Amino acid sequence: MVKLNKIYTRTGDDGTTGLGDGARRPKYDLRVEAYGSVDEGNSCIGMARLHTGQLPEIDAILARMQNDLFDLGADLATPDTGRKLDYEPLRVTDHQVERIEADIDALNARLEPLKSFVLPGGSPASAALHLARTVIRRAERLMVALAAKDGEIVSPAAIKYVNRASDLLFVAARCANDDGRGDVLWVPGKHR
């Protein structure tokens, strides 16, 4: 159970932050950037949910995703160094990846296949979900860069999850646009 009695600790005043294993890293460290972008994407989903209350199936999926993204942040904030910890670190699981894939499939079944790329927009819910999607894509790029760095480990399940998360947000954005009927489609070269 998390218990926060005091919000400021002053330990970050030197430009570092503490990871879940107690190590200190600069606040610009790639691992901190990765879980910070996951957190930012989660906040964008929270803003999108202000517009998805009338879409209960989508809203419930987004609520689960927000919790999973906190799990992902905890996973990233506790590097797998092989060092014994006093607790079992929280890790993203293949089950979470499978569940998000099932959510994508269920929502996508409502949609006609695309014949053009979709521009972010349409309804307020859709526009907000597209914003969340792009932030989660940035988090994915940072996670992949982190995984490619010597001495850093990011689990395959975590990378799969973040990849599927942006896919789910894309499909949810289309569903929030009257099941794709309100999508704003890209017209290549339209304003040349």
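Start with the second largest pocket: select Glu112, Pro113, Leu114, Arg174 and Gly180, which lie nearest its centre among the 13 residues that line it. A pocket here is an open set of points on a 1 Å grid over the protein atoms alone, where a 1.4 Å probe fits, with protein on both sides within 12 Å along at least five of seven lines; lining residues have an atom within 4 Å of a point. The model is predicted: local features need pLDDT of at least 70, side-chain atom pairs count only at pLDDT 80 or more, and totals for chains, interfaces and linings use all residues. Residues are numbered from 1 along each chain as its sequence is written, and side-chain values use heavy atoms, without hydrogens and water.

Next, select residues 7-175, listed by UniProt in an unreviewed entry as "domain: Cobalamin adenosyltransferase-like". This stretch is 60% helix and 5% strand, with its end C-alpha atoms 38 Å apart. Helices (H or I, at least four residues) and strands (E, at least two) are DSSP runs, numbered from the N terminus.

The C-alpha trace spans about 50 × 40 × 30 Å along its principal axes. Of the 192 residues, 43% count as buried, meaning under 20% relative accessible area with a 1.4 Å probe, protein chains only.

Technical notes
Buried < 20%, exposed > 50% of the residue type's maximum accessible area, 1.4 Å probe, protein only. UniProt positions renumbered as here; feature names shortened; annotations may be inferred.
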